[in-house]
Amino acid sequence: MKFLQGFKKFTWISLALILIFSAAMPIQARVINDDRATLANQEDSNYAFVQFGDAPIASYDGSISGYESTKPSKGQKVNLNSPAANKYGKRLQAQRENYIKWLAKQFPQVEVVTEYAVTFNGVGIKLNGISLKEVSRGPGALKTGYSGTYQKAMSDSTSLINVEPVWNALGGQAGAGEGMKVGVIDSGIDQKHEFLKANEGMEAPTGYPKGAAEFTSNKVIVAKVFHQEPWQTPEAVDSHGTHVAGTIAGKAGTIPELGDKPLSGVAPAAYIGNYNVFPGNVENAKSLFIAKAVEEAVKDGMDVLNLSLGGTPHKGADLLDMTVNAAVDAGVVVAISAGNEGPGYYTVGSPGTADKVITLAATTNSRSFAMFLESEALEEGKTVATTGTAGGKVTKALSGEYTVWADHAGGDKLACSPISGKPLEGKLALIQRGNCTFAEKINNAAAAGAAGAIIYQLDGVEEPIPMSSDGALIPAVMIGNSAGNELIDSSENRSVTITYPLTEVETTPNLLANFSSWGPTPNYQLKPDVAAPGVNIYSSVVGGGYELYQGTSMASPHVAGAAAVLLANSKEKGLGWGPAEVKAALMGTANDVEGSVIPDTDVSDPLKVGSGLIDLGQAMEPAAMAFPSSLSFGLVRPAGEQTYQIAFTLVNSSDQEQIYTINSDENLSINSNEVTLNPKESKEVTVTVRNRGSQGPGQQGTPEFMSGYINVTSTQGDIRIPYLYVIDYNR
């Protein structure tokens with residue numbers, strides 16, 4: 001493992017950010033990677049949740065007299081058929097019925113649309129004009145809140161996470177993940193796609209399929225829909241969920257349309273559950289229904305859940321934070337995308353803000369499929385180009401003369417406003433990315449007579465991305481920033497050719513994606529947890545094809561698949577792993593991210609990458625595990641008598657005695673720098689904040705992020721534990 005040196009010190013300032021949607025697809029995309037600004041706050045004031053005081057079944061610890069604990073023990077899943085669960089469930093049901101009876105009497109216009117008991121104790125309601133304050137007065141109501149609104153936030157990428165050793169340990173790639181069930185809470189799954197066909201001899205387990213059987217198979221064993229419109233079905237219309245499912249559990253050896261390498265999901269033999277919260281053409285899902293999907297997936301026996309979606313984070317815990325944390329309590333590994341709203345601190349979305357889940361940053365892949373823009377104006381004669389969607393998609397080779405938009409628009413490079421006349425008649429318009437959607441730029445060029453558009457990247461960014469350009473009137477490509485400036489600087493030969501069809505090209509892997517969201521959470525929790533490939537991921541889409549998508553939405557299924565094979569490995573070897581062990585193994589053994597798409601970005605900062613890029617070969621046999629797997633101290637005062645400490649439990653997960661050396665940087669002190677542990681033995685280690693800053697000139701009122709790693713080394717191997725605290729000079 002590579003270790004990061006030194007501590008990280010960052011000053012944060014609240015900024016109003018224009019955020020980029022980057023979970024993109026180059027073909028048939030909708031509102032994805034089109035460069036439109038996202039909403040700052042997204043809640044639906046007509047839908048709300050009501051939480052009652054007792055813990056849900058998955059999290060209940062036996063603290064109420066007469067009711068035994070229903071929370072599963074380490075490495076187990078919640079047993080909803082146990083006498084304890086049945087008895088405690090009736091208690092929760094009585095609480096709901098009492099509240100619903102009161103609601104019907106006081107506010108008959110309010111509709112109860114969902115009820116929860118396993119991963120949340122409460123109800124979801126449609127207010128129909130009644131205020132949140134009024135419904136909060138009902139019996140047993142502990143907390144109320146509006147429903148959040150959430151959006152949908154692959155190929156050689158498996159080699160980048162070193163999955164082959166786990167495949168080999170499980171008897172080969174094709175059978176990896178056998179018996180594991182992964183729930184995909186997304187836009188549905190095309191169960192007829194060849195990449196999602198069952199392996200030979202694979203049959204649905206006893207008790208399955210569940211839900212709408214016509215949308216299931218021996219591989220896709222659940223098909224359910226969660227939406228306020230009762231006519232919706234689990235059928236996949238949008239391709240996002242199908243793409244995610246392929247990355248998780250696509251059939252090994254499938255030959256795709258592009259390239260000469262067979263495809264495989266991370267866990268090819270795993271079952272998949274379709275929990276559709278974006279049915280039909282729905283682009284926004286309510287947290288009430290996503291929470292119900294999570295609960296149903298837990299009840300259906302899923303081992304892993306993937307949520308490649310996100311919404312506005314909140315201080316405290318929102319409905320989905322509580323629900324996904326309870327799913328982890330139930331014994332289910334939950335992988336969630338961090339969000340596509342980077343770069344910038346505090347951009348991790350909910351429910352990736354939940355502390356018990358595994359939250360994913362995105363890194364670049366090692367290959368892509370692209371076309372080339374050829375021109376004598378370029379130093380190397382050609383450059384890689386990506387294209388758009390719908391009318392903005394290049395579908396045949398193009399040749400012509402280009403002209404620089406700024407030369408016709410008073411120096412404006414961005415083409416976010418139209419110009420008069422048709423000065424670009426028959427030419428290709430060279431335009432810089434930024435400030436408005438790709439479709440707006442392309443259509444302003446079309447209105448000026450252009451036959452096509454060449455979008456060049458933001459300053460300092462050399463990797464072109466697939467563009468979502470639905471509604472565009474002329475074809476377009478994107479190229480890197482340097483290539484764009486070379487075209488601008490050329491005054492003699494302005495002829496270009498755009499090649500077609502797409503060609504496989506090598507790209508620089510293991511770089512932090514420019515769109516990947518950064519932590520911390522509004523509660524000063526260290527997120528993301530780890531990173532995985534999320535750029536130019538080639539996987540299945542509805543109708544039988546394959547496309548390149550990008551976003552943390554594509555990173556998360558790599559970890560969902562990783563969790564499935566790690567759980568299968570644990571089952572085969574009798575290790576007794578559950579969600580905490582999977583998270584500890586992935587975080588502790590992660591490797592350095594090698595750089596960033598954005599120049600001069602410090603990727604040794606855990607707030608950007610967590611522990612780093614996952615490595616399954618190391619994670620299957622970690623030298624040690626730490627619980628918790630990261631340390632978040634919260635706000636720290638620069639002066640005063642208060643001590644800031646967190647203890648973590650170090651476990652010897654190897655099969656022989658180990659002497660562990662524990663070191664950190666000057667920010668922290670550790671009570672035990674050397675620990676000797678027998679196999680499976682553990683010891684608590686206390687970490688204390690030492691560097692609390694100073695109230696020097698220019699620092700007053702400006703909080704600082706202090707982050708880095710605790711390194712645990714042994715002859716068997718090493719792990720690391722990321723940490724964060726925030727020095728608050730205003731306290």
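This is a predicted model: local features need pLDDT of at least 70, side-chain atom pairs count only at pLDDT 80 or more; totals for chains, interfaces and linings use all residues.
Five strands form an open sheet in the order β3-β4-β2-β5-β10, and their pairing is antiparallel. From one strand to the next, the twist averages 25°.

Helix α6 (residues 287–299) packs with helix α7 (residues 319–329) at an angle of about 5°, and the two axes lie 9 Å apart. Because angles under 35 degrees count as roughly parallel, α6 is described as roughly parallel to α7. On the α6 side the contact is made by S287, L288, I290, A291, V294 and V298, and on the α7 side by L319, L320, T323, V324 and A327. The residues of this contact comprise nine nonpolar and two polar, with no charged residues.

Helix α7 also contributes to the second largest pocket: α7 and α11 (579–588) are the elements that give two or more residues to its lining. The volume of this pocket is about 520 Å³. Its lining consists of 26 residues, of which V328, D329, K356, P579 and A580 are the closest to the centre. The most is given by α11, with six residues. By class, the lining of the second largest pocket has nine nonpolar, eight polar and nine charged residues, whereas the contact of α6 with α7 has no charged residues.

Notes: Residues are numbered from 1 along each chain as its sequence is written. Side-chain values use heavy atoms; hydrogens and water are left out. Axes are lines fitted to C-alpha atoms, for helices over the stretch in contact, and angles run from 0 to 180 degrees between N-to-C directions. Helices (H or I, at least four residues) and strands (E, at least two) are DSSP runs, numbered from the N terminus. Angles under 35 degrees count as roughly parallel, over 145 as roughly antiparallel, 65 to 115 as roughly perpendicular and the rest as oblique. Contact means heavy atoms within 4.5 Å. Ala, Val, Leu, Ile, Met, Phe, Trp, Tyr, Cys and Pro count as nonpolar, Asp, Glu, Lys and Arg as charged, and the others, Gly among them, as polar. On a 1 Å grid over the protein atoms alone, a cavity is a set of points where a 1.4 Å probe fits but cannot get out, and a pocket is an open set with protein on both sides within 12 Å along at least five of seven lines; lining residues have an atom within 4 Å of a point. Grid points are joined across faces, edges and corners, and a volume is the space filled by probe spheres set on the points. Two strands pair if DSSP finds at least two bridges between them.
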